[in-house]
Amino acid sequence: MTAISSANNAALLILQQANASLLPTKQQAGKSAADTIAAIANGISSQTSAVKTQASSTINSALLDVKESNDGMVSSALDFLDSDNFKTSDAGVTDVIKKLINDDGDKFASLVKAEKAKNPGISDDNAMANAIQRLIRYNRSKFGDGEFVIGFKLGNGGKIISNIEDKNGNSTSNTLMAGLKTAQSSLIEAGMIISRPDGRNTDELKMASSMLNNSNFGKASNDFAAWNDKWRDAFGF
């Protein structure tokens, strides 16, 4: 009787669990059970079990489902870019985006899926709009040197206006937002001084009053809103 090592015992267990049906060929007839089991355990056996066939079929089916899903996202994105729901300040931008999506549809689909995973309640077109913005920024060098604006109109009535920065990372919307945040910080600091129990002396009140007067919060807020309104009107949103 052939002695079987502990490693071959483990292989035998794997073989039994898989319910593999072994049909030896003439060449294998002279091989020991240990040799055959070891070959299967090491993945070099030419024999195919029903379990292996079923697993292979399942994997192929899953891969096909993924491909169909990715192809669907790519098709939807290209249709969206050709619709009135997408606008841009630079006509050439659309062609570059479409080429990026066509060149690597799986990468684009992964960006859409990442948006959905991060925000489970997000709509399909919103996830797609976010993915397009990411795609642009990941491939910023493929676009022109200057800043540009893109807009998305969503099925739920929402609108997205996105200012893509120039090659140096500057944009009008970022400048306006920075001014708004500075003004807001001054406003909050002044309010904190006035509300403090020990903030009622004349010098601190004068400083708070000066901060309020110089915060320009109202102007900064209006300037940012005006920029958004300008592009909504330009895009017909």
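**Exercise 1.** How do the axes of helix α4 (residues 91-103) and α6 cross, and within what distance do they come?

*Solution.* This is a predicted model, in which local features need pLDDT of at least 70, side-chain atom pairs count only at pLDDT 80 or more, and totals for chains, interfaces and linings use all residues. Residues are numbered from 1 along each chain as its sequence is written, and side-chain values use heavy atoms, with hydrogens and water left out.

Step 1. Helices are DSSP runs of H or I with at least four residues, strands are runs of E with at least two, and both are numbered from the N terminus. Axes are lines fitted to C-alpha atoms, for helices over the stretch in contact, and angles run from 0 to 180 degrees between N-to-C directions.

Step 2. The axes of α4 and α6 come within 11 Å and cross at roughly 95 degrees.

Step 3. Angles under 35 degrees count as roughly parallel, over 145 as roughly antiparallel, 65 to 115 as roughly perpendicular and the rest as oblique. Therefore α4 is roughly perpendicular to α6.

Step 4. In this contact (heavy atoms within 4.5 Å), I97, L100 and I101 of α4 meet I132, L135 and I136 of α6. By class, the contact has six nonpolar, no polar and no charged residues. Ala, Val, Leu, Ile, Met, Phe, Trp, Tyr, Cys and Pro count as nonpolar, Asp, Glu, Lys and Arg as charged, and the others, Gly among them, as polar.

**Exercise 2.** Describe how α5 and α6 are placed relative to each other.

*Solution.* Step 1. The axes of helix α5 (residues 105-118) and helix α6 (residues 124-138) come within 8 Å and cross at roughly 125 degrees. The two helices are therefore oblique to each other.

Step 2. Residues on the α5 side of the contact include F108, L111 and V112, and those on the α6 side include A127, M128 and I132. The residues of this contact divide into nine nonpolar, one polar and five charged.

**Exercise 3.** Is T94 buried or exposed?

*Solution.* Step 1. T94 is found in helix α4.

Step 2. Buried means under 20% relative accessible area, exposed over 50%, and partly exposed in between (1.4 Å probe, protein chains only). T94 has 13% relative accessibility, so T94 counts as buried.

Step 3. Leaving out residues up to four places away in sequence, T94 touches L81, F86 and T88.

**Exercise 4.** Summarise the whole chain.

*Solution.* Step 1. The chain has nine helices and three strands. From the N terminus, their order is α-α-α-β-α-α-α-β-β-α-α-α.

Step 2. Of the 237 residues, 32% count as buried.
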